[in-house]
Amino acid sequence: MEENTVKKIEVAEVEELLLNHSDDIIVQVAPAVRVALGEMFSLKVGTNVEKKMISALRKLGFKHVFDTDFGADITIDEEASEFLSRVKNNSPYFPMFSSCCIGWVNSFFIQGNDLINHISTTKSPLGCFGSLAKKYYAKKYNKKIEDIIVLSIVPCILKKNESKMPYNKTDDIFDVDYTWTTKDLGQLLIERNIDLPSLDDSDFDNPLGSSSGGGKIFGRIGGVLESLIRAIYYYEEGKVFDKRVEFTTSSILPDIKEVKLNINNRDYLFANCSIIGARKLIEMTRNHTCPYHFIEVMACAGGCIMGAGQPSFKDTGLQLNEVKEARMSALNFSDDESTIKCSPLNDDLNKLYDYLNMKPFDQKAENYLHRDYIKYGKH
Ligand code: SF4
């Protein structure tokens, strides 16, 4: 079936469900969507339309509108705890590679299948959000988990496949049921004559709608690593790392950016790169010569803000780099404005863990928020 036909069916199915099951549908929106959706309505590139986007979703009939940034906070809390557990147990599996970019995870299993223990088991933000949102709603409103439907709006066409992978289930139920891209949402709003720029502002629902600044920068290259450093620093030093992480270019390859930090009397070398740099680092890992402790890899140059589900930069009249910079600055600005800088300090998240009687990276969290690549196979 043509990709466009699949998209239309998925959009139509959710619209149909909204007619009779709107109480059971939860929508979550990824960090990168809000800084690109406005381009489909001729707004200046890099305009953050978060609050108008929420109103637009409510106009479409969604009653529960949440933020995948909250899911990004969960991912980082889990990934930082997973990383620190490896450090404390003297694990041989360093470097640890990030696992939230599905383009990279697909590529890893082609290039680095023998290094399976080096990739983080933590689910991506949409999976973490979907898993806990279903548990929360089922418990709070006495519903069956299988009746709760999660729609994710994402910047990425590959996320449609990610949500259907067997390891993105909790207790055998998929964490995410439907996936629309930024372009799917924009197109639907245009078809329904919903003029995004003229809408009033609205806020995400709570308690799954708040996030730290760390969650907000997930949509750009280096954002996952920066959030992870903030969380590790907080867990290890008990203080907030509140400056921007300054990366330098690695001597291994210009594609690789690195930063050396001493946290709680340990030296760490962190890196971020695209799949080009990752190829070299996989080879070095295999030869035991990779110097890094944690590596963030993003398949799209610039990260999710430049994903294939976003409006094309070509429609803006600007150069690719200008669009990337504008979208990136919009996410950085929203991080700068955040009073809470790191995921472990997201109060709503901590309350949710308490409500579900779990702690980061404990057995329950492993069951809900981590992938068992070996049990389910790679894909
Ligand atoms: Fe998808 Fe690109 Fe983001 Fe990876 S970086 S998750 S491929 S949009």
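This is a predicted model: local features need pLDDT of at least 70, side-chain atom pairs count only at pLDDT 80 or more; totals for chains, interfaces and linings use all residues.
Trainee: Why is strand β1 called largely enclosed by the rest of the structure?

Mentor: Buried means under 20% relative accessible area. In β1 (residues 25-29), 5 of the 5 residues are buried, so the strand is largely enclosed by the rest of the structure.

Trainee: What makes both faces of β1 count as covered?

Mentor: Look at the two sides in turn. I25, V27 and V29 on one side are buried, and so are I26 and Q28 on the other.

Trainee: How do you know that β1 and β4 pair?

Mentor: Two strands pair if DSSP finds at least two bridges between them. For β1 and β4 (residues 149-154) there are 5 bridges, and the two strands run parallel. As an example to find on screen, I25 has I149 in β4 as its bridge partner.

Trainee: And how do you know that β1 pairs with β2?

Mentor: The cut-off is at least two bridges, and β1 and β2 (residues 64-67) have 4 bridges, in the parallel sense.

Trainee: What makes β9 and β10 a pair?

Mentor: Pairing needs at least two bridges; β9 (residues 257-263) and β10 (residues 266-273) have 7, in the antiparallel sense. L261 stands opposite Y268 in β10.

Trainee: Why is α3 called roughly perpendicular to α12?

Mentor: The axes of α3 (residues 68-88) and α12 (residues 347-355) come within 10 Å and cross at roughly 70°. Angles of 65 to 115 degrees count as roughly perpendicular, so α3 is roughly perpendicular to α12. The crossing of these two helices is right-handed.

Trainee: Which residues meet where α3 and α12 come together?

Mentor: From α3 they are F70, D73, I74, D77 and E78, and from α12 they are D348, L349, N350, L352 and Y353. By class, the contact of α3 with α12 has 5 nonpolar, 1 polar and 4 charged residues.

How values were computed
Residues are numbered from 1 along each chain as its sequence is written. Side-chain values use heavy atoms; hydrogens and water are left out. Axes are lines fitted to C-alpha atoms, for helices over the stretch in contact, and angles run from 0 to 180 degrees between N-to-C directions. Angles under 35 degrees count as roughly parallel, over 145 as roughly antiparallel, 65 to 115 as roughly perpendicular and the rest as oblique. A crossing is left-handed if the near helix is turned anticlockwise from the far one by less than a right angle, and right-handed if clockwise. Contact means heavy atoms within 4.5 Å. Ala, Val, Leu, Ile, Met, Phe, Trp, Tyr, Cys and Pro count as nonpolar, Asp, Glu, Lys and Arg as charged, and the others, Gly among them, as polar. Buried means under 20% relative accessible area, exposed over 50%, partly exposed in between (1.4 Å probe, protein chains only).
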